[in-house]
Amino acid sequence: MILEALEWCVTPASWRARKRGLLAAQIAIRHRKRRCERFWRPHLEASRRFIEQCVEADAAGPRGLAVVLGSGHLNDVDAGFLARTFDRVTLIDAVHPIEVRLRCLASRGKWHCVAADLAEPGPEIDEIVRGASWVFSTCLLSQLVLCGPAGFASEIASRHFGLLRRARRAVLVTDTARRFSAGEDWVGLLGGFAPPEPSASWIWQLAPPEEHGDPRRGIEERRVEASVLED
Ligand SMILES: C[S@@+](CC[C@H](N)C(=O)[O-])C[C@H]1O[C@@H](n2cnc3c(N)ncnc32)[C@H](O)[C@@H]1O
């Protein structure tokens with residue numbers, strides 16, 4: 001707890017990102033991933049594999065710029081694969097963890113961090129996305145919707161999808177629904193927005209009862225859908 005508070009103080013982040021709880025959430029994810037490692041591993045591997053297969057199937061060859069939207073701790077994208085495959089990598093998130101900032105600093109210009117609010121991307125983000133060989137949006141869309149103003153879920157999701165559509169090639173990996181235990185109905189997370197027909201789909205076991213805190217319920221699961229968009 002003390003270490004988390006210290007990290008909150010020393011991590012560079014805008015006051016807005018701090019106030020909205022995005023920095024605290026970002027720090028909490030690192031600790032949650034460690035606690036839930038065995039539950040998260042199949043999801044993280046599926047996401048990384050999906051991205052790699054899409055890029056490897058690209059006949060034009062993947063060099064150039066890779067952009068990761070909602071890059072966070074780079075859990076669901078393989079940093080080694082990005083480094084081997086692309087000339088440059090731009091990571092965009094409201095908040096970048098310290099270790100990611102250090103990676104960028106040590107990369108001699110190959111890795112670049114951009115702090116931006118992707119719920120309302122400005123022209124700078126538009127330009128980066130248009131100039132990329134590949135854009136990856138990984139487990140960001142549901143966060144944009146959940147943290148956005150109530151009643152605007154579908155609008156926020158459509159805006160994000162529109163941004164991805166402006167890229168030459170993009171991969172969207174997003175959790176689309178949640179449930180507690182296998183017997184329950186899925187509850188949609190995207191406010192009625194229908195993402196494109198997925199090329200792959202899997203279940204992410206997000207939190208066992210000891211993690212979500214309600215012992216009467218089972219494991220919290222997310223349905224994850226992955227699709228590739230090409231112009
Ligand atoms: C579930 S995490 C996924 C993280 C990342 N893909 C990974 O592998 O670690 C969602 C990420 O979206 C970012 N995020 C949430 N809302 C955002 C916003 N409005 N603008 C930019 N990034 C945002 C968070 O900071 C976090 O890093």
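Okay, let's start in the sheet: β1 and β2 run parallel, with 5 bridges joining them. Two strands pair if DSSP finds at least two bridges between them. Within that pairing, V67 has T90 of β2 as its bridge partner.

Quick housekeeping before I go on. This is a predicted model, where local features need pLDDT of at least 70, side-chain atom pairs count only at pLDDT 80 or more, and totals for chains, interfaces and linings use all residues. Residue numbers start from 1 along each chain as its sequence is written.

So, is β2 enclosed or open? Of its 6 residues, 5 are buried, so β2 is largely enclosed by the rest of the structure. Buried here means 20 or more other C-beta atoms within 10 Å of the residue's own, exposed means 12 or fewer, and partly exposed is in between, with C-beta atoms placed from the backbone.

Now the other strands. β5, residues 169-180, and β8, residues 220-230, pair in the antiparallel sense over 11 bridges. In that region D175 stands opposite V224 in β8. β8 also takes β7, residues 200-207, as an antiparallel partner, this time through 7 bridges. There, A200 sits opposite A226 in β8.

On to the core. Which residues have the most contacts inside the largest nonpolar core? They are A66, V67, V135, F136 and V171, in a core of 48 residues. A nonpolar core is a set of buried Ala, Val, Leu, Ile, Met, Phe, Trp, Tyr and Cys residues joined through C-beta atoms within 7 Å. Helix α9, residues 153-165, gives this core its largest share, 5 residues. There's another core lying apart from it, with 5 residues, including A17, L23, I27 and V95. As background, nonpolar side chains tend to be buried together in soluble globular proteins.

Leaving aside neighbours within four places in sequence, A66 is in contact with L82, F86, V89, A132, S133, W134 and F136. Contact means that the two C-beta atoms, placed from the backbone, lie within 7 Å.

Next up, helix α7, residues 123-130. Its buried residues are I125, I128 and V129. Look down the axis of α7 and they fall within an arc of 100°, so they line one face of the helix. That arc is the one for the directions from the helix axis to the C-beta atoms. On the face turned away from the buried side you've got the exposed residues P123 and E127. And what do the buried residues of α7 pack against? The answer is β1 (65-69), β2 (88-93), β3 (111-115), β4 (134-138) and α9.

Zooming in on I125: it counts as buried because it has 20 C-beta neighbours inside 10 Å. Not counting residues up to four places away in sequence, I125 touches I92 and A116. I125 and L69 are 56 residues apart along the chain, yet their C-alpha atoms are separated by 9.8 Å.

What about the ligand? There are 23 residues around it, and the closest are G70, G72, N75, A94 and L118. A residue belongs there if its C-beta atom, placed from the backbone, lies within 6 Å. The elements giving two or more residues to that shell are α3 (22-35) and α8 (141-147). By class, the shell has 12 nonpolar, 8 polar and 3 charged residues. For the classes, Ala, Val, Leu, Ile, Met, Phe, Trp, Tyr, Cys and Pro count as nonpolar, Asp, Glu, Lys and Arg as charged, and the others, Gly among them, as polar.

Most residues other than glycine have a negative phi. R108, though, has a positive phi, near 55°. R108 is in the loop between α6 (98-105) and β3, and it counts as exposed, with 6 C-beta neighbours inside 10 Å. S107 lies in the loop between α6 and β3 too, but S107 is partly exposed, with 13 other C-beta atoms within 10 Å. S181 is in the loop between β5 and β6 (187-188), and S181 is exposed, with 11 other C-beta atoms within 10 Å.

Note on methods:
Helix = DSSP H or I, 4+ residues; strand = E, 2+ residues; numbered from the N terminus.
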